[in-house]
Amino acid sequence: MGFISRGFRGKRRDTADSGRLPPGQYLVNDYPVLSAGPTPRPNLDTWTFSIEGEIDTPKKWTWQEFLALPAETVTKDIHCVTKWSKFDTTWKGVSFDTLFEGVETAAEYTTQFSDGDYTTNLPLEDLVDGKAWIVYEYNGEPLHPEHGGPARMLVPHLYFWKSAKWIRGVRLDKEQQPGFWETNGYNNYGDPWREQRYWGD
Amino acid sequence: MNMRMADMTLDGNAIGGLLREIFTMEVTNAEATCAGCGAVNAVGRVEVYVHAPGTVVRCPACQQVLMRIVRGEGRYWLDLTGTRTLELVET
């Protein structure tokens with residue numbers, strides 16, 4: 001009986017967490033793999049991460065330089081536009097606040113670009129103030145290629161297609177430039193709490 | 001339908017049903033010309049990724065995107081930028 005009660009309370013706790021689940025989403029415990037193309041496997045000896053576009057002196061880091069930047073470990077809930085959400089995912093990486101240190105720009109928008117020619121667009125203000133990271137570890141392990149390794153974006157307050165896998169850089173844009181999915185039906189902003197999945201949402 | 005183990009790739013027959021929702025003519029036996037490399041392939045033979053926010057169709061020769069199809073809330077969005085020509089055959 002005690003065992004059954006404990007299990008029951010466990011389930012109730014999940015229900016109580018429903019305030020963490022955005023509208024239209026369901027909770028998963030596994031980690032589904034989504035991919036719009038072949039999985040890139042870049043050579044880390046030639047890998048770089050760049051900040052370019054509306055910036056006087058573009059910035060660029062090699063893999064070794066990137067790993068030497070101050071890193072943070074964060075635990076976040078993630079929400080995929082295909083309607084699954086996963087709670088308490090733990091990542092290690094570099095915050096955009098660190099990457100943007102000393103950067104002056106007139107840009108208000110950004111485009112993330114990745115190996116495999118994926119792009120996605122975000123307002124610059126959604127990358128700063130502790131809202132976005134470039135991560136290279138998941139649950140204490142190097143990020144697996146199918147989940148975006150060697151490094152991917154983590155922007156957990158927006159739908160997860162905004163968190164580009166296989167990230168190679170950010171372009172600072174004066175005008176908003178819709179990305180891979182945003183040019184074909186998906187929302188330019190993608191707030192899961194307002195269910196901004198498609199154009200016009 | 002063949003599942004290629006690497007990268008969860010399907011062939012174009014996997015989206016025969018989706019294409020029939022959009023087109024009145026059969027598209028899986030249509031010939032698509034890649035706008036990138038010029039390769040010509042029957043749509044049933046191209047590479048298809050369905051585990052994504054939409055369906056992504058790629059050229060088997062150069063992997064460039066041929067089509068992107070998104071369906072949601074009663075609407076379809078179809079990007080054919082990467083397909084220079086689609087030759088459909090009357091049946």
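## Chain B elements

Helices (H or I, at least four residues) and strands (E, at least two) are DSSP runs, numbered from the N terminus. The structure is a predicted model, in which local features need pLDDT of at least 70, side-chain atom pairs count only at pLDDT 80 or more, and totals for chains, interfaces and linings use all residues. Residues are numbered from 1 along each chain as its sequence is written, chains are lettered from A and ligands numbered from 1 in the order in which they are written, and side-chain values use heavy atoms, without hydrogens and water.

Chain B holds 1 helix and 9 strands. Read from the N terminus, their order is β-β-α-β-β-β-β-β-β-β.

Of the 91 residues in chain B, 46% are buried (under 20% relative accessible area, with a 1.4 Å probe and protein chains only). The C-alpha atoms of chain B fill a box of roughly 35 × 35 × 25 Å along the principal axes.

## Pockets

A pocket is an open set of points on a 1 Å grid over the protein atoms alone, where a 1.4 Å probe fits, with protein on both sides within 12 Å along at least five of seven lines; lining residues have an atom within 4 Å of a point. The largest pocket has a volume of about 680 Å³. Among its 43 lining residues, Ala36(A), Tyr118(A), Phe180(A), Trp181(A) and Arg58(B) are the closest to its centre. Strand β7 (residues 65-72) of chain B gives the most to this lining, with 4 residues.

The second largest pocket has a volume of about 190 Å³. Its lining includes Ala14(B), Leu18(B) and Arg71(B), and β7(B) gives the most to that lining, with 3 residues.

Note on methods. Points joined across faces, edges and corners; volume = space filled by probe spheres on them. Buried < 20%, exposed > 50% of the residue type's maximum accessible area, 1.4 Å probe, protein only.
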